Amino acid sequence: MSTIGPQSATSKAAQTHGEEVRYEFFKVVQGYLDRAAKVINLEPWVAAILAQPKNEVITHFPVKMDSGEVRLFKGYRIQHNNLLGPFKGGIRYHESVSLDDLKALAAMMTWKCALMRIPYGGGKGGIKFNPREVSRAELQRITRRFTHALGSNIGPEYDIPAPDVGTNSQTMSWMMDTFMNTVGHVNKQAVKGVVTGKPVASGGTLGREKATGQGLVHCITEWAKDSGFDIEGSTFTVQGFGNVGSNAAVLLAKLGASCTAVGDHTGYLANPEGFNAHKLQDYVQAKGSIAGYPGGKSITREEFFATKTDMFLPCALENQVGEAEAKLLDCKMVGEGANGPLNPEGEKVLLDKGIAILPDVLANSGGVTVSYYEWVQNKRSESWSLEEVDERLEKAMKRSYREVYNFSREKKCDMRVAAYAIALQRIEAVYREREIFP
Ligand code: NAD
């Protein structure tokens with residue numbers, strides 16, 4: 001019998017014959033790359049280049065904690081590819097951060113930017129620690145010291161970080177400020193675009209906060225049209241109620257769908273009448289998690305996955321839905337707000353059951369798309385209205401959804417492989433033209 005819940009909050013180790021085996025996320029992403037490469041007959045030399053990141057920056061840096069103790073932190077910045085433009089991708093603060101995961105996430109950023117026709121490559125970074133266990137002052141010192149340690153490995157024309165799990169606009173504001181203070185007075189204003197996802201007053205863009213959730217909801221709306229599915233009156237469940245999950249929930253609620261179960265790192269809650277997504281979002285912003293929210297009944301992780309629903313939105317971490325969870329899921333569609341939430345075994349079960357999957361590379365690309373709009377505004381010293389950002393994002397998401405959908409029908413492959421294949425074709429075309437230096 002398969003067991004539920006191998007992917008706990010802190011350990012991604014699965015039990016196999018009594019031995020701990022780490023989930024190899026990068027191998028999983030490589031597996032999809034191989035499958036997509038076959039569909040489009042990708043040049044072997046291009047596949048060889050894309051099989052590993054270009055640079056892997058690992059730094060150990062000291063930080064003075066509030067107690068006076070000095071703690072050494074391990075920070076990473078993985079730069080997968082910068083053929084189409086600067087490396088681009090989030091910074092993750094989580095106790096499970098590892099080189100393997102960041103390599104996978106950085107590669108996915110390369111595909112995501114190419115798919116969305118954004119002039120960026122892919123990168124990802126992070127620090128291995130639990131940000132909930134340090135004070136705000138410590139968090140600021142950790143962020144600033146990490147940014148300083150990265151030095152010229154980041155920059156507005158070279159590598160542009162953004163928020164991811166455990167980081168937010170405040171983190172980006174500290175990163176920008178630290179970077180600005182290292183480049184000298186004359187260049188200070190020219191480097192605002194070193195990070196995106198900044199607070200609006202510090203050079204961020206309207207619409208970035210909700211962009212990933214918004215992009216996911218645009219994909220869901222397109223899927224609903226194709227499937228003759230009515231979002232109004234439907235139900236959904238969400239795993240992860242942070243930036244992506246909570247914004248997707250609020251926007252779906254606006255379209256008349258009802259959120260009947262939620263979960264985060266503290267546990268799971270159900271409310272068959274439907275949560276008030278707005279109120280729950282405010283509660284999480286104030287308290288840091290869904291724990292203690294009065295509007296729902298506590299359920300187990302197993303009960304959460306077994307909750308019958310129309311749409312399941314995994315918006316937490318990778319490797320959350322394995323074979324056991326997938327067997328429990330009773331839904332019509334899975335919309336991947338998170339990166340890599342399904343492992344290949346879980347994905348196979350869902351596909352065999354005929355459940356539609358909106359793949360991460362497409363479904364959560366709204367975040368990087370609006371990050372790009374922020375970067376363009378910084379370059380031009382402009383501030384766009386929310387309507388303009390929303391309109392552009394909607395067009396971009398719908399166009400890419402259509403491209404992926406049509407490709408998957410034409411080539412008879414699933415939407416994930418289609419999204420990878422379209423991205424790879426675009427990257428390959430540029431490699432063919434530019435060839436290899438020297
Ligand atoms: P976040 O830190 O705002 O929220 C993460 C959520 O996941 C929290 O609710 C947390 O409690 C929950 N969580 C963490 N560990 C969990 C566990 N073991 N079980 C259940 N829930 C758990 O992060 P976010 O920015 O919303 O990112 C979520 C996912 O979306 C990640 O996979 C990230 O890479 C992806 N993503 C984020 C963005 C973005 O713009 N922020 C863009 C694209 C993709």
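**Figure 1. Polar contacts between domain 1 and domain 2 in the predicted model.** Four residue pairs, with both members at pLDDT 80 or more, are in polar contact across the two domains. On the domain 1 side, the elements that contribute two or more residues are β5 (87-94) and α3 (99-115). The largest share comes from α3, which gives six residues. Sorted by class, this side of domain 1 has five nonpolar residues, one polar residue and five charged residues.

**Figure 2. The salt bridge between the domains.** How many salt bridges are counted between domain 1 and domain 2? The count is one. Arg92 and Glu318 form a salt bridge, and their closest N and O atoms are 3.0 Å apart. The side chain of Arg92 also has an N or O atom 3.1 Å from an oxygen atom of the ligand.

Figure 3. Eleven residues of domain 1 and ten residues of domain 2 take part in the contact. The size of an interface is often expressed as the accessible area lost when the parts come together.

**Figure 4. Surroundings of the ligand.** The ligand is surrounded by 27 residues. Which of them are the closest? They are Asp164, Thr212, Phe241, Asn243 and His265. For Arg208, an N or O atom of the side chain is 3.2 Å from an oxygen atom of the ligand. Gly242 is placed with a backbone N or O atom 3.3 Å from an oxygen atom of the ligand.

**Figure 5. The salt bridge between Glu222 and Lys398.** The structure holds 32 salt bridges. One of these joins Glu222 and Lys398, with the closest N and O atoms 3.9 Å apart. Glu222 is in helix α6 (residues 211-227) and Lys398 is in helix α14 (residues 386-411), so the pair ties together parts that lie 176 residues apart in sequence.

**Figure 6. Backbone geometry at Arg117 and at Pro438.** Most residues other than glycine have a negative phi, and most peptide bonds are trans. Arg117 has a phi near 60 degrees, a positive value in a residue other than glycine. The position of Arg117 is in the loop between α3 and β6 (122-128). Where is Pro438 found? Pro438 is in the segment after α15 (415-434). The peptide bond that joins Phe437 and Pro438 is cis, with omega at about 5 degrees.

Notes: Residues are numbered from 1 along each chain as its sequence is written. This is a predicted model: local features need pLDDT of at least 70, side-chain atom pairs count only at pLDDT 80 or more; totals for chains, interfaces and linings use all residues. Side-chain values use heavy atoms; hydrogens and water are left out. Contact means heavy atoms within 4.5 Å. A salt bridge is a side-chain nitrogen of Lys or Arg within 4 Å of a carboxyl oxygen of Asp or Glu. A polar contact is a pair of N or O atoms within 3.5 Å; within protein, one must be able to donate a hydrogen and the other to accept it, and residues adjacent in sequence count only if both atoms are side-chain atoms. Helices (H or I, at least four residues) and strands (E, at least two) are DSSP runs, numbered from the N terminus. Ala, Val, Leu, Ile, Met, Phe, Trp, Tyr, Cys and Pro count as nonpolar, Asp, Glu, Lys and Arg as charged, and the others, Gly among them, as polar. A residue is near a molecule or strand if one of its heavy atoms lies within 4 Å of it.
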